[in-house]
Amino acid sequence: MGSIEAPRKFYTEPADVPVVDYRALKGTGETHQNALAQLDRAFRTYGFAYISNHSIPQQKVDEAFAWSSRFFKLPEQVKAKVPHPASNDPHRGWVHDGLSHVSQMVFDRDEVQELRKTSPERKETLETGSPFSKEVPENKWLPEGDFPGHKAFFESWWHDCTELNHSLLQSLCECLQLEQDYLSRNQTKNICHMSWQYYPSMPLKPLQNSEFKRLNAHTDFGQLTLLFQDAVGGLEIHDGEKFRPIVPIPNTVVINVGDMLERQTNGRWKSALHRVVAPSQFMIPKEDEVDDVIDRYSIAYFGTPDPDSIVSTLPGCEVKGQWNPNMIGTWADNMTASTWIEKRIAMEY
Ligand SMILES: O=C(O)CCC(=O)C(=O)O
Ligand SMILES: [Fe+2]
C-alpha cells in the first residue's frame with residue numbers, strides 16, 4: 001500500500017511578499033488603484049514584490065536562461081576570452097568563481113579581505129551593460145564563431161528589460177504621486193547594468209552549515225532591480241526579523257528597491273538585505289536524500305539613474321519613512337549616482 005507523504009516543511013516560512021498583477025498596474029479604475037496600493041505596501045514592508053503578467057513573454061525569459069546556461073557551460077578557456085578585470089574597471093565580462101565577493105557596506109579594504117576568507121561565495125557571473133548607450137563601457141563579447149547569435153539575442157533582451165524597467169518606474173511615480181515620467185526622465189543615459197549569475201552545483205553540507213554562501217547578504221545599490229530567477233530557489237530576504245525564502249513563482253519577475261530608491265523615498269521604501277543560500281527545500285532534515293545542490297541561474301537588471309544626478313529626497317517624501325535609509329552616515333550631501341555605484345562596486349573586486 002502506498003503511503004501519503006507528509007507535506008514538506010520549510011525551516012523558515014517564506015516571506016509573504018505579494019504578487020502584483022502588471023495588467024492591473026497598467027489598467028484603470030479600482031483594480032489599478034488597488035495594485036498601486038499593493039505595490040506601495042510591499043515596498044514599505046519588504047522592499048520586494050513579485051510582478052505577474054508582465055511585458056516580457058515567458059518564452060523570451062526561458063530563452064534568456066537557455067543562453068545563460070549555454071554561456072556558463074562553455075569551457076573555461078573560452079569564457080576566459082572575455083575576462084572581467086581584477087578591478088571593477090571596466091565592470092564587464094566573465095567573472096570566474098572567487099574573483100568577486102559581495103559584502104554589505106564594508107568600505108575598508110582589510111576588512112573586505114578578511115571577509116573573503118570568512119564568508120566565501122561560490123558563483124560565476126557575466127557582467128554586461130547597455131549595448132546601445134555611448135556613455136558606458138563596451139560589452140565584452142565572445143567571437144561570434146564561438147557563440148553564434150548571442151549578441152543579437154542580448155540586444156533584444158536588453159531592450160525588453162529596459163522597457164519593463166521604465167514602465168515600472170512609471171507605476172512607482174504613480175504610487176508616489178509624481179508625474180509619470182519623473183524617474184524615467186533621469187534615466188536617459190542608460191548606465192543600467194545586467195548581471196548574469198551562475199551558481200554551480202556544489203555539495204550541500206557547506207551551504208547548510210554556512211561555510212559557503214552562493215551570494216552574501218547585501219542590498220542592491222541602484223534604484224529598482226528586476227530579478228529573474230529559475231525554479232531552483234535559495235534567494236532569501238531579511239524582513240527585519242530574519243531571512244526568509246523568496247520562493248520562485250513561475251512566470252513572475254521579482255522586483256526590489258535599491259539603496260538609491262530607499263534614499264530618494266527617504267526610507268518610505270526599503271532597500272532590503274538579501275542573499276542566496278541553499279534552497280529551502282534542501283534545509284529539511286533528510287540529509288541522506290541529496291548530496292549536491294544543483295546549478296542555479298538568475299539574471300538581474302539594475303536600473304540606475306543618470307551618473308551625474310544627485311540622489312536626494314523626492315518631492316512628497318520629505319517625511320522620513322519607517323526605515324532608516326542605509327546610506328545614513330555614509331551618504332554625503334550631493335552624492336551622485338555614479339559616486340555611490342563606484343563606491344560600492346569597488347569593494348567587490
Ligand atoms: O541570484 C539571485 O537570485 C540574487 C542576485 C542578487 O541579489 C544580485 O545580483 O544583486
Ligand atoms: Fe541583489
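User: Before we start, what should I know about the numbering and the values?

Analyst: Residues are numbered from 1 along each chain as its sequence is written, while chains are lettered from A and ligands numbered from 1 in the order in which they are written. This is a predicted model, where local features need pLDDT of at least 70, side-chain atom pairs count only at pLDDT 80 or more, and totals for chains, interfaces and linings use all residues; side-chain values use heavy atoms, with hydrogens and water left out.

User: Why is His101 called buried?

Analyst: Buried means under 20% relative accessible area, exposed means over 50%, and partly exposed is in between (1.4 Å probe, protein chains only). His101 has a relative accessible area of 3%, so it is buried.

User: Where does His101 sit, and what does it touch?

Analyst: His101 is in the loop between β3 (93-95) and α5 (109-118). Helices (H or I, at least four residues) and strands (E, at least two) are DSSP runs, numbered from the N terminus. Contact means heavy atoms within 4.5 Å. Not counting residues up to four places away in sequence, His101 touches Leu115, Arg116, Ser119, Glu121, Lys123, Asn216, Met347 and Glu348.

User: What makes the pairing of His101 and Asn216 a polar contact?

Analyst: A polar contact is a pair of N or O atoms within 3.5 Å; within protein, one must be able to donate a hydrogen and the other to accept it, and residues adjacent in sequence count only if both atoms are side-chain atoms. The side chains of His101 and Asn216 are joined by a polar contact of 3.2 Å. The His101 side chain also reaches the backbone oxygen of Leu115, at 3.4 Å.

User: Why is His166 called partly exposed?

Analyst: His166 has 21% relative accessibility, so it counts as partly exposed. His166 is found in helix α6. Leaving aside neighbours within four places in sequence, His166 is in contact with Ser184 and Gln187.

User: Which label does Glu155 get, buried or partly exposed?

Analyst: At 33% relative accessibility, Glu155 counts as partly exposed. Glu155 lies in helix α6 too, and beyond its neighbours within four places in sequence it is in contact with Pro131 and Phe132.

User: What makes a group of residues a nonpolar core?

Analyst: A nonpolar core is a set of buried Ala, Val, Leu, Ile, Met, Phe, Trp, Tyr and Cys residues joined through side-chain atoms within 4.5 Å. The largest one here has 56 residues, and Trp157, Leu226, Phe228 and Ile255 touch the most other members. Helix α6 (residues 150-175) gives the most to this core, with 11 residues. A second, separate core of 17 residues includes Tyr46, Leu235, Ile237 and Ile246. In soluble globular proteins, nonpolar side chains tend to be buried together.

User: Which residues surround ligand 1?

Analyst: A residue is near a molecule or strand if one of its heavy atoms lies within 4 Å of it. Among the residues around ligand 1 are Gln197, Leu215, His218, Leu235 and His274.

User: Which polar side-chain atoms lie by an oxygen atom of ligand 1?

Analyst: One belongs to Tyr199, at 2.7 Å from an oxygen atom of ligand 1. For Arg296 the distance is 2.8 Å, and for an N or O atom in the Asp220 side chain it is 3.1 Å. Taken alone, ligand 1 exposes 300 Å², and the protein buries 95% of that. Accessible areas come from the Shrake-Rupley method with a 1.4 Å probe; for residues, only the protein chains shown count as cover.
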